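Here are my notes on this two-chain complex, as you asked. Please read them with the structure open.

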Amino acid sequence: MNDIAADILERAACGEIEAFQQVYKATSGFVYNVALRITQNSADAEEVTQDVFMKIYHSLKDFRQRSTFKTWLYRVTVNTAINRYRKTKREQKDMLDYDSLSGVLPGGSSAAEGAIQSDDETRLRALLNILNPEFKTCLVLREIEGFSYQEIAATLKIPLNTVRSRLKRARQILLEAARKGLVKDVV
Amino acid sequence: MSCRKIQELLKSDYLDGQANQREKQFIKEHLARCAPCRRLEEDLQAQQAIFKKAKRMPVPEGIWQNIRQGIVSEELKQNSGILQRLVDYLFAPRPVFVLASAFTIVIFVTVFITLVLQNRQIPGIFNGTGSDMAIYSLGGENDDSLYSLGTNIEEYFL
């Protein structure tokens, strides 16, 4: 994510829309891509991105600690994306329940079974689909966004050892899934 | 260091480059002679490679337009908010009991003011009546027939 000058943040906080557009340009890549990896859905990622920037715009004038702006943005992004992911899952579950009852979908279609894919992108999606939102978020921030353990801990407001254990657990789950053949060509 | 401890480090600090120099050296020596741990390390590296190859997706064009539109429409709503609130207040439909209460208060105030004005006129009325009574009593002093009851009892006492 690109650095944002302090005066741009100040102007954006005063409601200057051109300054806020610069904040958007510098940070939207991160917000959209993290949202996309967590929600696994481009429509949800777009909604998350819009929600995040509307929240940021409204709260920026009250946000005094400009130095921690990035951490704050990371946290808002991750929380909004996780909430969106859970909401979509619930809606899908409701729809799936209805479809199962009406016999539209064939039985036994689990996320893991549907995860057998070929190319890198679909394999990555399959891997992320196996994980719960907490493990997935840790792994996305570490492996894709290149966050340090300290940055992940600050973003998620969790202890450093929890970051370490979540990463270990997430990798273990993915290895086990791969060994069981749930994700093709991973190991 | 046991294989279990080595594997824990492989899945976190070692893979993420967070292990210190001493740990790294120790793990490398262990991997050179332990096939299961070496296999795990290879698996983890393969897994990590998939994440490292993740493509960065471009942000769709329309998102900023939607955000900007949202901000502008909210600001317009806020600016017209004060006038709109006043119009709403003045023209909002009132409940019947509020109107009835207001009507009662108006009647009460009207009656009260009327009574106060009437009370201010009372001394004037009394003045007129008093002067009539004074004339009447003065006239009575010189007229004995005024006090005669038509009997002789007065004469008896006098």
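Which residues of the largest nonpolar core touch the most other members?

1. **The main core.** This is a predicted model, so read what follows as such. The largest nonpolar core has 45 residues. Those that touch the most other members are A:Val34, A:Ala35, A:Ile38, A:Ala81, A:Cys138, A:Leu139 and A:Ala170. Eight helices of chain A, H1 (6–13), H2 (17–39), H3 (42–59), H4 (69–102), H5 (120–130), H6 (133–144), H7 (149–156) and H8 (160–179), each supply at least two residues of this core. H2(A) gives the most, with 10 residues. Both domain 1 (1–109) and domain 2 (111–187) of chain A contribute, so the core lies between them. In soluble globular proteins, nonpolar side chains tend to be buried together.

2. **A:Val34 close up.** Neighbours within four places in sequence are left aside here. A:Val34 is then in contact with A:Thr77, A:Val78, A:Ala81, A:Val140 and A:Glu145. A:Ala81 is also on the list of core residues that touch the most other members.

3. **Chain A overall.** Chain A has 8 helices and 0 strands. Its pattern along the sequence is α-α-α-α-α-α-α-α. Of its 187 residues, 36% count as buried. Take the contacts in chain A between residues at least 6 apart in sequence: 63% of them join residues at least 24 apart.

4. **Chain B overall.** Chain B has 7 helices and 0 strands. Along the sequence the pattern reads α-α-α-α-α-α-α. Buried residues make up 10% of its 158 residues. For contacts in chain B between residues at least 6 apart in sequence, 53% join residues at least 24 apart.

5. **The interface.** How many residues of chain B are in contact with chain A? The count is 27 residues of chain B, against 32 residues of chain A. On the chain B side, helices H1 (3–14), H3 (35–52) and H4 (62–79) each give two or more residues. H3(B) gives the most, with 8 residues. By type, the chain B side divides into 12 nonpolar, 6 polar and 9 charged residues. For the complex, the predictor gives an ipTM of 0.77 and a pTM of 0.69.

6. **Helix H4 of chain B.** H4(B) is hardly covered: among its 18 residues, the count of buried ones is 1.

7. **Positive phi in chain A.** Two non-glycine residues deserve a look. A:Gln40 has a phi near 60°, a positive value. A:Gln40 sits in the loop between H2 and H3 of chain A. A:Gln40 counts as partly exposed because it has 18 C-beta neighbours inside 10 Å. The phi of A:Lys157 is near 55°, again positive. A:Lys157 lies in the loop between H7 and H8 of chain A. Is A:Lys157 buried or exposed? A:Lys157 is exposed, with 10 other C-beta atoms within 10 Å.

8. **B:Asp16.** This residue is in the loop between H1 and helix H2 (21–33) of chain B. B:Asp16 has 16 C-beta neighbours inside 10 Å, so it counts as partly exposed. B:Asp16 and B:Gln48 are 32 residues apart along the chain. Their C-alpha atoms are separated by 9.7 Å.

9. **Confidence in chain A.** The average pLDDT of chain A is 84, and 82% of the residues score at least 70. Over residues 99–117 of chain A, pLDDT stays under 50. The model has 19 contacts beyond four places in sequence for that stretch. Where pLDDT is low, the predicted coordinates should not be read in detail.

10. **Confidence in chain B.** Chain B averages a pLDDT of 79, with 72% of the residues scoring at least 70. Within chain B, confidence is highest in H3(B), at 94. Confidence is lowest in helix H7 (residues 153–157) of chain B, at a mean of 63. Over residues 128–137 of chain B the pLDDT is below 50. Beyond near neighbours in sequence, that stretch has 0 contacts in the model.

Terms used. Residues are numbered from 1 along each chain as its sequence is written. Chains are lettered from A and ligands numbered from 1 in the order in which they are written. This is a predicted model: local features need pLDDT of at least 70, side-chain atom pairs count only at pLDDT 80 or more; totals for chains, interfaces and linings use all residues. Two residues are in contact if their C-beta atoms, placed from the backbone, lie within 7 Å. Helices (H or I, at least four residues) and strands (E, at least two) are DSSP runs, numbered from the N terminus. Ala, Val, Leu, Ile, Met, Phe, Trp, Tyr, Cys and Pro count as nonpolar, Asp, Glu, Lys and Arg as charged, and the others, Gly among them, as polar. pLDDT is the predictor's confidence in each residue, from 0 to 100. A residue is buried if 20 or more other C-beta atoms lie within 10 Å of its own, exposed if 12 or fewer, and partly exposed in between; C-beta atoms are placed from the backbone. A nonpolar core is a set of buried Ala, Val, Leu, Ile, Met, Phe, Trp, Tyr and Cys residues joined through C-beta atoms within 7 Å. Domain bounds come from an automatic or database domain assignment.
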